[in-house]
Amino acid sequence: MERIQIGDVSLEMRTAGEGPPLLFLHGGDYVAQNQGFLDRLARRWQVLIPRHPGFGRSARPDGFRSVHDLAYLYLDLIDRQRLGDVVLVGASFGGWVALELCVRSVERIGRLVLIDTLGVKFGGREEQDIADIYALPTEEVLRRTFFNPAHAAPDYSILDDDDVASIASDRAATALFGWRPYMHDPGLRRWLHRVRVPALVIWGQSDGIVSPDYGERLCRSLHDARFELIREAGHYPQIEQPEAVADAIERFVRAEVER
Amino acid sequence: MKVWHFSEMAYHPAWPEVKDSYRVVIPNRLYDPKIGADLYHRYLDEWALCDELGINIMTNEHHATATCADSVCTIPMAILARETKKVRLLALGMPIGNRNDPIRVAEEYSMLDVISRGRIEMGFVKGVPFEISPANTNPADLTERFWEAHDLILKAMTTHDGPFNWEGTHFHYRSVNVWPRPWQEPHPPVWMPVGSPGSATEAAERGMTIGVLNTGWVRTPPIFEAYRKRAAEAGRLMTPQRLAYMALIGVGNTREEGRRRADQILDYSRTSGIVAPQFMNPPGYASVAQSAQALRTSGAGFRAGRIQSRDGCAIDPRKMTVDDAIDAGLSFAGTPDDVFDQLRAFYDHVGGFGHLLMMGQGGLLSHEETVANLTLFSKVVLPRLEELGV
């Protein structure tokens, strides 16, 4: 774990593996459960794994409160580390941040991978594009989140105090950034044409938080994107099917290189 | 000591239909406006009676619930501002972190203060966790929003020389200029409900009166003590009038009658906490430690265990008996002597307070019973409160 000072943000970041750079932006929940997936990616890439400010034990400066702040922060990080041709991978909430980053600048981004991403509003005012995880019963949220909740979801009652506190912080920070408008930026859809970088949109076939239909619509909104459905996975396919998702990313990047 | 009569204006006819949540997700097809109108009028009649009895009036508000049909606390206040002539009117209160327009709050309170000729006391509340969903306000910065709204409202009510600018974190106005200005100078007294020593400290720094609800024998003393300590440190005038305690009060000509009334009022405690668990711990509403604890005990919420017996054991509010409630210091019930003795014991235990928030109506307690309860209290218990010396 290292801390990188970017403006008034002391960014918490881990780095794993060697190779070309891959920046992974985590979702709002189940952050620790990404480990297997990230280990797998680290066989091929140098994986940069920041913890968003306000999440876990990472500090959030006063006034740092929007997804736009996160997008600029990671653009600064990429500049600061002098990264180029970055593979940018965002899952769920992290995918939203990745999109906000790309509509601002793709100068140092080589490929974009979006996994069950939030952040864009497609439906009408009475349609809920993104399930309200704060209003649904806990059991239903779990059923919608995972293909196999019993296998994938952690048991909070047996985690140690620090880990549960970290999860509580993740929940609070996700709410801070995404409560209203709920998990999207009303202006983002207008600027998706600016994502001028090859993109892969990966979706869990059983995602009950944001449906595969939403994913396909997001894919069609990007000018150079392909869609890949992951079987036996919900909202976090990289947690439930880490091999399949990592394989898909590798194929995508290789194909782009060969193209 | 000042006494205030409080009722949540419950819409109890829906209660038999409730399955697992009295709040948030309970559909309003369970509300019949014709029955609701009768209930509103009877609750207002009971408050109006208080003007004759010398008992002050307290309203509150909750949203999307059958336990409290008072969804706008200033509406009954507006009716009573004209209908009453003598007693003071307290709204405890306005959820200013959940309302989008603090200037509108300043206008409502100022107008009420003028119509009532200076009888308004204005409460600002952070709101219980299950108020977040009906308002769709961000729970993670509720406290910050609450204090910004508080500062803006007070500035708006005390600025008399034209518009001022406010471009804060949460609220933006370039021309704040509230008409009318309030009757009372510099503004009506400010109250805040408090449930922890930490919140008491924040109120003490600002000289607010705290209303302490449902904290009982065990949790009240540290809250009052934290207030007194911080007020002294901050150089604030400390009087018992800064402290208020709410109790469910059933008084009767016989012990049985008083306890029967308390038992009916206790349906407030038995119902009001029954909420679908996902609304009990909104992310960021409670501290990280409280929220973590709630995650471990999924469904219970961080509010579990708040109702405690005198010896510190958790009481399930859904099954609380009159004996439990008296033991816990939540209810004073029985004959006028019983009520006074229980009140005095509690008063001494917590080191004194200047306001008794009397829940004199709750649950299914009928109009006739409520009138009898309030009348007997005013005639026999109220005159004796001078013995407490405040």
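Predicted model: local features only at pLDDT ≥ 70, side-chain atom pairs only at ≥ 80, totals over all residues.
1. Overall form of chain B. Chain B is built from 13 helices and 11 strands. Its radius of gyration is 20 Å, close to the 21 Å that the globule rule gives for 390 residues, so chain B is as compact as a globular protein of that length. Taken along the principal axes, the box that its C-alpha atoms fill is roughly 60 × 50 × 50 Å.

2. Burial and contacts within chain B. Of the 390 residues in chain B, 51% are buried. If one looks at the contacts in chain B between residues at least 6 apart in sequence, 73% of them join residues that are at least 24 apart.

3. Helix α3 of chain B. This helix covers residues 102-115, which makes 14 residues, and it reaches 20 Å from its first C-alpha to its last, close to the 20 Å expected at 1.5 Å a residue. Just after α3(B) comes B:Arg117, which takes a positive phi of about 55°.

4. The buried residues of α3(B). Those that count as buried are B:Pro102, B:Val105, B:Ala106, B:Glu108, B:Tyr109, B:Ser110, B:Leu112 and B:Asp113. A point that helps in reading such a list is that an α-helix has 3.6 residues a turn, so residues three or four places apart point the same way. The partners against which the buried residues of α3(B) pack are the helices α2 (74-83) and α5 (142-158), together with the strands β3 (89-94) and β4 (120-124), of chain B.

5. The contact between the chains. Chain A and chain B each bring 19 residues to the contact. On the side of chain B that touches chain A, helix α10 (residues 288-296) of chain B gives the most, with 6 residues. By residue type, that side of chain B divides into 10 nonpolar, 7 polar and 2 charged residues.

6. A:Leu11 in chain A. This residue lies in strand β2 (residues 9-16) of chain A, and A:Leu11 counts as buried because it has 21 C-beta neighbours inside 10 Å, where 20 or more are required. Leaving aside residues up to four places away in sequence, A:Leu11 touches A:Arg3, A:Ile4, A:Ile6, A:Pro50, A:Pro53, A:Leu73 and A:Leu77. As for A:Val195, which is 184 residues from A:Leu11 along the chain, the C-alpha atoms of the two are separated by 25 Å.

Technical notes. Residues numbered from 1 in each chain as written. Chains lettered and ligands numbered in written order. Contact = placed C-beta atoms within 7 Å. Helix = DSSP H or I, 4+ residues; strand = E, 2+ residues; numbered from the N terminus. Nonpolar A, V, L, I, M, F, W, Y, C, P; charged D, E, K, R; others polar. Rg over C-alpha atoms; globule rule 2.2 N^0.38 Å. Buried ≥ 20, exposed ≤ 12 C-beta atoms within 10 Å, placed from the backbone. Expected span 1.5 Å × (residues − 1).
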